[in-house]
Amino acid sequence: MLSLDFVILTAVGYIGLLFLIAYASDAIAHRSKGSFLHSPVVYTLSIAVYCTSWTFYGAVGTAARSGLEFTAIYIGPTLVFVGWWFLLRKLILISHAQRITSVADFLSSRFGKSSQLAVLVTLIAVISVTPYIALQLKAITSSIQAVVGTGNADHLAAFDELTLALGVAVCMALFTILFGTRNVDAREQHLGVVAAIAFEAVVKLFALLAVGIFVVYGLGGGMGQIYENAAAAGFDIYEQSPLGSRWVALLVLSASAVICLPRQFQITVVENSDENFLRTAGWAFPTYLLLMSVFTAPIAFYGLTTMPAGSNPDMYVLTLPMEAGYDSLALFAFIGGFSSATSMIIVASIALSIMVSNHIVLPLALRGSRVSEEGSDRDIARLILRSRRISIAGLVALGFIYFWLTQGSDALAPIGLISFAGVAQFLPAVLAALYWRTANLKGAFSGTLVGFIVWAWTMFLPSFQASSPWVASVMQVGPWGISWLRPEALFGMSDIDPLVHAVFWSLLLNCSILALVSVFSAQGALERLQSTLFVDILRRSSSFQPHTIRGSATTSELFFVAERVLGWKRANDLFHAAGVSRAGSAAKLDVPPEFIAELEKELAGSIGSASAHILLTSVVAGDAIPLEEAMRIADETQQAIEYSHQLELTSQELRTTAQQLQDANAMLQELHRQKDDFLAHVSHEIRTPMTSIRSFSEILLSEPDLPDDQANRFISTIHNESVRLTKLIEEILDLSVLEHGEKEWVNRSINGEDVLDEAIGVCEALARKQSVTIEMGQRAGYAPLFANAGRLSQVFINIIANAMLHNEAPRPRVHVTSRLEGDRYVVEISDNGKGIPEPYRYTIFDKFVRAGRSDMEGGYVGLGLGLNISHTIVAKLEGSLELVRGHLPGACFRVSLPLDQTIAKAEAKAS
Amino acid sequence: MRRNQAGSDDRVKREDLAALLPIFGIILLAPIVANLFLTRSSVSGLPLDLLYLFAVWIFLILGAMWLSCRLPEITHPVEKTPDLENSPVDTEET
């Protein structure tokens, strides 16, 4: 058993060591900038402030009571850190660019530098973190009592739990005030404190590992043995109930806590001096957490198996070595737990004091009096420092009061979770700030407020159940007897774990209200600017200058403000670096707006963005209107850009239209040429018969006494030529009708075979006259078509007639076959003439193309239009007319037409 | 040119992996998957459920470690003013 004097003196000595480390680090940092303090290792270790005494002692207790649940508290942060590339990287880049000083400043800056939101977030943070500070005090006093035991006759034994807690609280407040408020730094970095925190992280890790190794391998005989013994002693070594909603809620809470807890934000984001440190922290911090918890479950089971029933599992880390008689190890473990508690109190109170001084005290002071009034030259800096010191003392005192009020409650874990759930109310707003441009102040404010109220009602209030009868009665029957408002059964949702219940309702209402209000309300001008700066941080070019205050401030006025916040030296450096002369007060020099923006950012690094904005706008007269004006100008520029884009589109359209016109013109010229050709052809065709008609009729007129037979021959020639002329004109008219669309072209269901037979019949007279044999080959028999019978007949007649007329064989024959090929009706008409000469094979269907000789042959001469007409008709019937190689030596024309599908199908069905 | 193209493709793929890692973590730790290992059986004396959680944890750490030196350098989109940084000026009350 250790003596109380010794334990307390050790603790005091340890705190002395922390002072020394912090002092030395500050001194080193002051001398050299590239020291080991700016390293990813120190950064990662300082993030381990996440592991508080709750983790150090409470995790074993949780493992003993609820099994695997203790891992959720570490796995949530692990997920956040291994995914650093997406969330943390963006968060840190934004915070560095905007000189963010706290989570309240982050949200306020994103949502239009709103003071109200900053105040709300600060208040929530203070109320949520107070129980957490109380938890640390409780852990320290419990651990002292555990290592010391009772019945000591030491000098300090007269101290009860409260006095001990008070002593610790006072020490912590002193340390924090001394090292946490040394300066109003540009980015609120406290290298001395960070070094001390990193040191504490090493101490608590080694202490826990030492106890773990001792218990598992020294006492328990190995991991497997411990589990075997626990199972033999009747303990269930397996997870009793499946993981469910509580597991998920714990993961969500711990993941959000590692981002939103003010102390985590302070260490991870604000104290970060190089974004690339995340590269190491991304895996090293999860590794630290893994090491912290690797022995937790074995220690718990060993304790459950060997310790007497009723001993507090939260203190196994201390009591197990003591039971085994290793007091020095127990003292080391005590120092580890003490480290966890003190580091948390220090960082949390620094982070909260920055928030309180920047967002509550300073705005009130700025509102109360115009800063440009008379005062000492460093009044703002002094005000900030003083308010920070007072708030640190106040916060630790609040923690102490909470500890005092809730002494009755036993387990450590529930208190930590209350705090986690409280700060988790920032998560929706933080995520919206990072990724959702539409999110606005009204949404963020109302969502966070409602989430906070629900949290306070469902989780914070019930923590007073043991100490307040009124709270107990409200928990039982609801306020004023309204049972659906009972804190742990809101809207009748009972039979559910109180933690899941609170997390579900608070985050659900928080997110929904944030989203809905944001969608249904408008953003202010400054909010729009800030949302772009935040959401698009990874896209923005470095030259993008966000928001500049324009106004009528003089350099001397600005210097006056800068000096009072930053101090004379830094203000002077800043003005000097920017090349802005801070000439005498009489000089009414205009200051470049970029410099004002830079100054605002610098001020924000010390007093928060909202306060910096208020401060500068109070000096630089009339910013609000120029900002609106700037937005209007930006809108106009946007319109001009859109207009020019439209112009570009229109000119593109014009170019396209011009091209189309050019194409159309080329086509028209081609048609014009074809028309000329056609006219030339037609004139030629008409001139030949007209010439002979004219000359023969002139002979008849001038020579009345011609012999009769000669006169008759002449008249017959005139008649033949007239017939030919009439035929030519008829064909031209026919062609014109076909090409320009026929009004009375009606298709009907017909039998193609009938039409073919009819055409053959028509041609028989000519066949007899020409002594041509028409041979019938294989026939289809029946071919249902949907076509114009007259026109189709014209095609067949034309082809058969051509085959007869141009056949010079001694025994001329025309061979006709027809068949069905799939869904087509195919007719082939071939002859044994000399066929189409090679040069004409490809142009035979063009107008005025004649393959044969143009001399008279049996009173008939081709005009070169027949095949063209036939081709046009077949094309109109969706068929094809081709010249193919037939089995006879002459030409072979193939007509192929689609069958009438409806009839063909109906017949196929019927058959 | 081709090498540059391939380099930028690789870079995009590594950034995708950086997003997939926590997503896989969430899936593996979701009750629906994790409960598959609550079989009340043990491997060399240790409960399988506990071993599974630590295995996922180690997998996440190794993934992050592998990615840490392969993800591109973080470049600051806004120029810093180095003369004003890291030079905390003592403004303690005198």
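Predicted model: local features only at pLDDT ≥ 70, side-chain atom pairs only at ≥ 80, totals over all residues.

Trainee: Why is the pair A:Arg694 and A:Glu698 called a salt bridge?

Mentor: A salt bridge needs a side-chain nitrogen of Lys or Arg within 4 Å of a carboxyl oxygen of Asp or Glu. Here the closest N and O atoms are 3.4 Å apart, so the pair qualifies. Side chains of opposite charge can pair when their charged atoms come close. Over all chains, the search finds 16 salt bridges.

Trainee: Where do A:Arg694 and A:Glu698 lie?

Mentor: Both are in helix α28 (residues 624-702) of chain A, four residues apart, about one turn of the helix. Helices are DSSP runs of H or I with at least four residues, strands are E runs of at least two, and both are numbered from the N terminus.

Trainee: What makes up the contact between α9(A) and α13(A)?

Mentor: Contact means heavy atoms within 4.5 Å. From α9(A) come A:Ala201, A:Lys204, A:Leu205, A:Leu208 and A:Leu209, and from α13(A) come A:Tyr288, A:Leu291 and A:Met292. By class, that gives seven nonpolar, no polar and one charged residues; Ala, Val, Leu, Ile, Met, Phe, Trp, Tyr, Cys and Pro count as nonpolar, Asp, Glu, Lys and Arg as charged, and the others, Gly among them, as polar.

Trainee: How do you know what UniProt's "coiled-coil region" looks like in chain A?

Mentor: The unreviewed entry lists residues 644-674 of chain A, and such annotations may be inferred rather than shown by experiment. In the model, that span is 100% helix and 0% strand, with end C-alpha atoms 45 Å apart.

Definitions and conventions
Residues numbered from 1 in each chain as written. Chains lettered and ligands numbered in written order. Heavy atoms only, no water.
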